[in-house]
Amino acid sequence: SGSQSDSAATGGAEPKWTIAMSQCNLGEPWRAQMNADLKRAAAEHPEIRLVFNNAENDTLKQRSQIEEFVSAGVDLIMVCPKEAQPLTEPIAKAYRSGIPVVVIDRQVLGDDFTTFIGADNVAIGREAGRWIASHAKPDARIVELKGLMTSVPAQDRHAGFREGLGDVGEVIFEADMQWLEPQARKEMDSALARFDEIDVVFAHNDPGAHGAYLAAKAAGRAEGMLFVGIDALSHEGIAYVNQGLLDATFEYPTGGTVAIETALKILAGEEVPKNIELGTSTHAQAKYEDE
Amino acid sequence: MQATPPTDCPLLKVSGVSKSFGHVSVLRDVDFELAAGEAHILAGENGAGKSTLIKILAGVHTDYQGRLAIEGHEVRFRDPSEAVEHGVAVIHQELSLIGPMSIADNLFLGRPQTSCGFVRDGRQRELAREWLRELDIDADPSTPVEALAISTQQRLEIAKALSLDAKILVMDEPTSSLNAHEVEKLFKLIDELRAAGVGIIYISHKMDEIERIADRVTVLRDGRRVASAPASEAPAEKIIEWMVGREVEQQFSATARSPSEPRLEVSEFSVPSPSGPGLAVDAVSLSVRRGEVVGVGGLQGSGASELLLGLFGATAGCRGRVAVDGQPVEVRSPRQAIRQGLALLTADRKTSGLVLPMSITANTTLASLPAFSMAGWLRPRRELVAAERHSEALRLRAASLDMPVGALSGGNQQKVALAKWLETAPRVLLLDEPTRGVDVGAKREIYELIDRWAEAGMAILLISTEMPELLALSDRIVVLHRGRIITTLDRAEASAETVLAAAMGSEALTPTAAIDA
Amino acid sequence: MPDQSPHKLVATAKAVLLSPVGRAVLALGLVLLVGVAFNADGAFFKTGTHRDALRQMSVYGMLACGMTLVITTGGIDLAVGSVLALVAVCSATMAIHWEWSAWLVVPLSVLIGAACGLGSGVVTAWLRVQPFIATLAMMVFARGLAKQLAGGMKVSTAVPQADGTYQYVDVPSLYRAIDARLLGGHVSTVTLVFLACAAVAYLVLSRHRLGREFYAIGGNAEAARLSGVPVVRSTVWAYVLSGALAGVAGLCQASQEQQGDPEAGAGYELTAIAMVVIGGTSLMGGRGGMGLTLLGVLTIGYLDKILSINAVPSATRLMLTGVIIVAAVLTQKRGRY
Amino acid sequence: MPDQSPHKLVATAKAVLLSPVGRAVLALGLVLLVGVAFNADGAFFKTGTHRDALRQMSVYGMLACGMTLVITTGGIDLAVGSVLALVAVCSATMAIHWEWSAWLVVPLSVLIGAACGLGSGVVTAWLRVQPFIATLAMMVFARGLAKQLAGGMKVSTAVPQADGTYQYVDVPSLYRAIDARLLGGHVSTVTLVFLACAAVAYLVLSRHRLGREFYAIGGNAEAARLSGVPVVRSTVWAYVLSGALAGVAGLCQASQEQQGDPEAGAGYELTAIAMVVIGGTSLMGGRGGMGLTLLGVLTIGYLDKILSINAVPSATRLMLTGVIIVAAVLTQKRGRY
Ligand SMILES: Nc1ncnc2c1ncn2[C@@H]1O[C@H](COP(=O)(O)OP(=O)(O)OP(=O)(O)O)[C@@H](O)[C@H]1O
Ligand SMILES: Nc1ncnc2c1ncn2[C@@H]1O[C@H](COP(=O)(O)OP(=O)(O)OP(=O)(O)O)[C@@H](O)[C@H]1O
Ligand SMILES: O[C@@H]1[C@@H](O)[C@H](O)OC[C@H]1O
Ligand SMILES: [Mg+2]
Ligand SMILES: [Mg+2]
């Protein structure tokens with residue numbers, strides 16, 4: 001059927017539970033990946049039916065989606081909120097009406113939800129900063145290509161990165177590439193035009209790092225430059241590392257599998273922790289492994 | 001500031017006015033005076049600068065040299081509303097009505113009847129009805145203006161100017177779409193206004209009108225005033241000589257023609273009405289022979305324009321048979337019509353005739369692009385040659401042939417529209433008001449051209465509200481009334497009286513009513 | 001003649017259906033029919049769904065009201081989405097951070113929007129820059145200003161303190177009031193605000209002298225000028241009103257989000273324009289009206305809602321939106337005359 | 001009269017400066033002046049900066065070429081950004097996943113774009129839906145289709161296998177060729193592609209019968225029809241050409257990104273329209289030309305580059321863009337013919 005309702009039913013067994021998921025947008029590959037992960041995990045459980053909705057980056061739209069879920073009487077709500085503040089209340093209402101709510105990736109305020117699953121962007125930024133500090137020369141010249149700086153992950157990664165970097169190197173050029181690859185390539189072009197020596201490029205996501213790599217490659221200056229990104233999606237960041245384009249990428253786990261497991265526990269009436277923190281992992285080129 | 005104007009000071013005094021567009025100088029040091037209660041004719045060839053002078057007076061053009069004084073007080077208008085405040089009302093050559101808006105809204109545009117800023121529609125309609133009655137316009141005040149025939153629109157424009165209660169009333173070719181009856185009505189109004197002390201500036205290319213109302217005549221040539229004289233010292237020949245700078249014979253008589261075999265044959269041709277159910281043209285049959293000019297007479301709404309549009313394939317849903325040179329033709333679009341050797345000069349050059357932002361050259365070749373391209377690629381040199389040829393033949397007055405047509409004077413625009421159709425070398429030429437806004441000199445040239453085209457074998461179907469033109473050019477005149485042919489008059493039978501009588505529907509007056517081509 | 005009356009009725013019905021309003025109603029009807037057919041297990045028949053649908057389209061609707069005025073003059077206002085964001089940021093700063101009273105925040109929000117409109121209006125009408133470019137410039141400018149004022153983050157109830165920590169304050173009562181429901185919970189306040197905006201726009205456009213001048217300017221600016229219409233001044237007014245309505249929309253957006261997001265409203269201008277145009281108003285100016293816009297708002301608003309309650313996947317949803325929009329306006333021929 | 005010649009020269013210079021082209025040159029000059037003043041430690045004077053600036057504006061420029069054709073007819077094409085994405089996805093699938101030869105990929109890419117244009121053109125010219133709505137519908141439809149075909153991710157050199165793993169393939173030589181530099185590294189290939197597109201658009205618009213018909217349709221559709229111009233067919237051609245050029249742009253985008261991103265090109269339509277309009281072409285149709293568009297592309301492209309090399313923070317960048325756009329077109333009065 002053309003519907004997105006993914007009944008994972010295998011043997012014709014009617015799914016027992018409906019889980020509704022509101023993703024804040026699908027423009028970013030990372031979120032598409034999260035949905036794919038959820039879908040894959042859910043496929044192994046014929047007793048659940050998973051319904052997706054995309055809020056297209058619109059807070060108010062996402063809020064209505066949650067309201068729609070409530071009025072449709074779903075058994076569990078998963079939400080990857082675009083914003084903390086405006087979604088706090090609708091989520092709380094749903095939760096208080098008796099529907100368990102699993103919040104993924106971005107926080108909401110207060111504690112009117114069942115559980116939060118997500119990674120710590122400050123920690124990931126810090127990890128990346130530390131890795132660069134230990135792999136670049138002490139006076140390295142660094143370019144930082146930031147994600148959309150009005151968004152919390154970009155702010156956190158920026159803060160964590162600077163912290164992890166410590167006093168190694170100097171950030172000589174920073175620009176907001178809004179998570180977008182063409183934008184990142186453009187900004188990197190400018191950095192290359194301005195500075196004859198650049199040692200490290202850190203981008204807040206892998207598409208950004210890839211765009212920067214292509215710019216440096218075209219300028220004939222990619223050799224010897226470190227390119228570091230975040231996300232580590234298998235078809236994206238990890239592929240770039242494996243292809244030798246990026247030096248390292250830090251996993252920003254989507255939490256898809258964990259979320260489905262947690263949801264099943266909740267539906268089965270088990271207690272789950274209020275806060276499930278996902279760790280990160282480093283994916284670097286093989287040549288760094290022996291260090 | 002003068003406290004009181006001297007008693008002998010004219011209503012309007014224009015002194016030393018000059019104006020140029022870019023480096024084209026259009027008015028040079030023009031003086032002009034208008035007395036209260038006077039009808040002052042402003043004459044001149046197409047492009048002489050008449051409308052430009054008027055636009056300065058109306059506050060449209062604000063960058064000019066020279067001075068204007070009204071009743072001795074110097075004025076310099078910064079926009080049209082200031083001119084209105086000073087008692088100057090202008091009927092511009094190009095209609096300045098807003099198509100989608102109602103008659104009432106158009107009448108009161110810029111000075112609506114309001115209370116607390118809200119428009120009093122009822123009151124406006126009421127007042128509008130009075131003005132419509134005054135001008136014999138039979139329409140509801142809430143009708144959108146674009147649904148009215150052009151002649152009605154023009155009369156509405158007149159009503160709009162009259163309703164301003166102005167001291168100075170300027171009319172730039174106000175009768176270009178009016179029939180004789182409507183013109184006479186306007187002249188009566190002008191007489192009343194004159195008697196009430198209103199000063200009137202009247203621009204026209206129609207000598208009979210000038211003779212009928214002039215108190216005084218001023219003539220412009222190439223932006224200069226060449227003469228200004230009381231009407232008694234300015235007979236038509238004199239005016240024309242001033243305008244053109246040479247003598248032009250005014251009376252036109254077509255060469256004796258010898259039409260041969262039928263070129264255009266139309267039988268039982270019907271055209272649906274553009275405004276709702278019913279027919280605009282009802283089972284009309286007629287034929288035009290090679291070398292013949294057939295006039296189409298009729299009042300507004302007679303369906304004459306619709307007949308031409310229908311024959312040209314511009315209207316969907318026409319029925320009937322059409323043959324050209326004996327071959328039945330199927331014309332379902334203007335494109336097909338042009339291929340069959342038909343050409344239609346429409347009555348309203350601005351809305352349906354010309355592409356105003358395009359150059360003179362591009363407009364000239366628009367209907368015959370295949371002839372000016374090879375495998376689709378244009379041949380600019382050839383286009384230029386063609387445009388030059390027509391511009392010479394029609395005495396086009398333009399700074400350059402690359403100029404957008406929209407910047408030409410009205411009469412010159414009309415010439416470009418004609419040039420476009422001549423370039424298609426048509427077999428059948430459908431002309432709807434071919435000399436609208438054209439000056440005497442050029443008009444005569446167009447008459448001669450029509451004569452020559454007929455001689456060359458074209459079949460010409462001609463609509464004209466100018467009776468002398470219709471009578472002088474037509475070998476026969478078919479008169480339409482409510483979409484039907486009511487009579488056909490040959491040259492000997494046709495006169496202003498017989499055509500008009502038939503147009504009003506009095507079949508009884510015309511003995512040949514039954515005869516049809 | 002009694003036997004003529006059914007015939008007459010048919011003719012009347014046909015005339016109504018072929019009129020602009022009739023066509024817009026048809027388009028809306030078609031969309032609602034889709035809703036009935038794909039009712040998401042009956043969700044489409046719940047009153048709450050309609051209340052929410054109306055609430056969701058309200059902010060767009062406010063922008064569409066202003067857009068109608070501007071489009072009537074033959075212009076366009078691309079800045080409304082950004083102005084919404086700017087006002088959202090400013091109102092949140094005033095209401096949340098500075099805790100100003102509603103009596104100050106509401107008028108100031110409207111004023112800030114109007115000031116942006118004044119900017120666009122002056123540049124386009126007086127300096128004669130094409131409206132598309134003038135309002136595009138205002139669109140990027142207002143977005144930049146919003147980001148600048150917000151200091152690169154959202155203005156929320158987590159108020160940053162000098163020492164780097166956050167202090168959490170209450171959601172202002174103004175915001176709560178705007179985000180509430182009225183009439184026994186059956187109508188959202190923002191929907192009523194939208195209706196009020198539509199009423200104002202209607203009065204201006206159809207009953208006030210200014211509206212008459214908008215039509216004249218859009219119908220034929222040169223003729224309007226010749227008739228003494230103060231073209232520059234009236235045109236500026238259209239943009240000022242559009243800006244003011246975007247200000248109201250910004251306030252409503254912030255109230256619903258309980259914060260001022262400098263990224264809010266991105267792309268809303270396209271939706272607002274689409275709502276106006278799908279109602280049947282031509283971008284050429286001089287024609288159309290608020291009634292049509294209201295129908296356009298409902299059409300696009302419900303289309304969106306129906307696709308959403310059916311949880312249509314986003315790729316399919318986009319494709320369907322394209323197809324349904326075309327199907328809905330297919331009966332609307334471009335106005336010739 | 002020899003003493004008149006300086007006077008004449010001044011007059012000529014004035015006339016040139018006041019002509020549409022003169023004004024567009026002025027606008028570009030102003031932007032370049034800003035670049036000279038804020039040269040980012042001399043980065044603005046390096047040839048590489050200009051090569052990059054020209055490369056970055058090329059994809060937008062291709063869209064602007066097609067947009068010019070459509071705008072000349074009095075229309076607008078909002079679909080170009082989405083069509084770019086659709087073609088990017090399709091070309092990546094063909095070139096990377098299916099490893100088809102360039103001789104197939106290039107013409108098919110252009111064809112897919114042209115087919116989208118055909119859709120928009122037929123809906124707008126034949127079914128008479130307003131161009132804004134018709135192309136808006138195509139915009140959402142093509143975006144949806146792109147996402148659908150891409151299966152929710154980018155089509156890249158990491159090719160998913162049946163077992164869930166990825167196989168890495170080489171970047172196709174077609175992509176490498178398009179993303180290369182020519183003429184001793186001083187010019188990017190895409191820049192030359194852009195220039196070729198501009199040349200084609202120029203030839204069509206100024207030298208071909210079709211272009212003349214575009215002007216006639218945009219200037220006065222009714223007069224054009226009565227002059228035998230096949231209004232529907234010619235209008236459809238404008239959209240087909242715009243679609244085809246968006247196809248070329250999609251191929252170039254995919255080559256530069258080395259992947260087909262279904263989200264690519266979002267919002268590019270606004271930039272392309274802005275480039276056309278800032279050149280001085282009016283959205284009313286019937287006026288303007290490719291020369292002006294070229295100047296518009298350079299103006300917006302350089303503005304962007306200058307702000308980027310100066311690493312202006314995004315809020316300031318947006319505000320400056322707004323101000324400079326207005327300053328740059330301030331001399332351009334709305335065209336009266
Ligand atoms: N806006 C303009 N830009 C450039 N040239 C113009 C403009 N308006 C008028 N002209 C030129 O000024 C000259 C005088 O035009 P004007 O309209 O005053 O003539 P006119 O005497 O009214 O002619 P007609 O009898 O044909 O109406 C013409 O050569 C015309 O091309
Ligand atoms: N687009 C339209 N919509 C509605 N009514 C129209 C339209 N065009 C013409 N009409 C009406 O059709 C009738 C015939 O108009 P038409 O212009 O053909 O008359 P005509 O015989 O050419 O008269 P005239 O001598 O004034 O040119 C008029 O009553 C006019 O109001
Ligand atoms: O790339 C991701 C970005 O698109 C999303 O908004 O936040 C998380 C990032 O890793
Ligand atoms: Mg004139
Ligand atoms: Mg007529």
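Chain B is divided into three parts: domain 1 (12-244), domain 2 (261-341 + 426-504) and domain 3 (358-425). This is a predicted model.

**Domains and chains**

Start with domain 1 and domain 3 of chain B. Their centres, taken over C-alpha atoms, are 31 Å apart. Seven residues of domain 1 and eight residues of domain 3 make up the contact. How can such a contact be sized? The accessible area lost when parts come together is often used to give the size of an interface. Domain 1 and domain 3 of chain B bury about 540 Å² between them. Carbon and sulfur atoms account for 38% of that area.

Now look across chains. Five pairs of chains are in contact, and chains C and D share the most contacts. Chain A and chain B do not touch. Their nearest C-alpha atoms are 37 Å apart.

**Ligand 1**

Which domains of chain B supply the shell around ligand 1? Domain 1 (12-244) and domain 3 (358-425) each give at least three residues. The shell holds 19 residues in total. Gly47(B), Lys50(B), Ser51(B), Thr52(B) and Ser409(B) come nearest.

Helices matter to the count here. Both α1 (50-57) and α14 (410-422) of chain B supply at least two residues each. The largest share, three residues, comes from α1(B). By class, the shell has six nonpolar, ten polar and three charged residues.

Oxygen atoms of ligand 1 make polar contacts with chain B. One lies 2.5 Å from an N or O atom in the side chain of Thr52(B). His205(B) brings a polar side-chain atom to 2.8 Å from an oxygen atom of the ligand. For Ala407(B), a polar backbone atom is 3.0 Å from a ligand oxygen. On its own, ligand 1 has 640 Å² of accessible area, and the protein covers 83% of that.

**Ligand 2**

Where does ligand 2 lie in chain B? Domain 1 (12-244) and domain 2 (261-341 + 426-504) both give residues to its shell, so ligand 2 lies between them. The site also crosses a chain boundary. Residues from chains B and C surround ligand 2, so the site is shared between chains.

There are 15 residues around ligand 2. Ala147(B), Ser151(B), Ser275(B), Ser305(B) and Glu306(B) come nearest. Helix α9 (residues 304-311) of chain B gives the largest share of the shell, three residues. By class, the shell has seven nonpolar, seven polar and one charged residues.

A backbone N or O atom of Ala147(B) is 3.1 Å from an oxygen atom of the ligand. For Ala304(B), a backbone N or O atom is 3.3 Å from a ligand oxygen. Ser305(B) uses its side chain: an N or O atom there is 2.4 Å from an oxygen atom of ligand 2. Ligand 2 taken alone exposes 630 Å², and the protein buries 74% of that.

**Ligand 3**

Turn to chain A. Which residues surround ligand 3? They are Glu28(A), Arg31(A), Arg106(A), Arg157(A), Trp179(A), Asn205(A), Asp231(A) and Tyr252(A). This shell divides into two nonpolar, one polar and five charged residues.

Side chains supply the polar contacts listed for ligand 3. A polar side-chain atom of Arg157(A) is 2.8 Å from an oxygen atom of the ligand. For Asn205(A), the distance from a polar side-chain atom to a ligand oxygen is 3.2 Å. In Asp231(A), a side-chain N or O atom lies 2.3 Å from an oxygen atom of ligand 3. Ligand 3 taken alone exposes 270 Å², and the protein buries 99% of that.

**The ligands side by side**

| Ligand 2 | 630 Å² | 74% |

Methods
Residues numbered from 1 in each chain as written. Chains lettered and ligands numbered in written order. Predicted model: local features only at pLDDT ≥ 70, side-chain atom pairs only at ≥ 80, totals over all residues. Heavy atoms only, no water. Near = heavy atom within 4 Å. Polar contact = N/O pair within 3.5 Å; in protein donor to acceptor, adjacent residues only side chain to side chain. Areas by Shrake-Rupley, 256 points an atom, 1.4 Å probe, with all protein chains shown as cover. Helix = DSSP H or I, 4+ residues; strand = E, 2+ residues; numbered from the N terminus. Nonpolar A, V, L, I, M, F, W, Y, C, P; charged D, E, K, R; others polar. Domains from an automatic or database assignment. Contact = heavy atoms within 4.5 Å. Buried area = accessible area lost by both parts, 1.4 Å probe.
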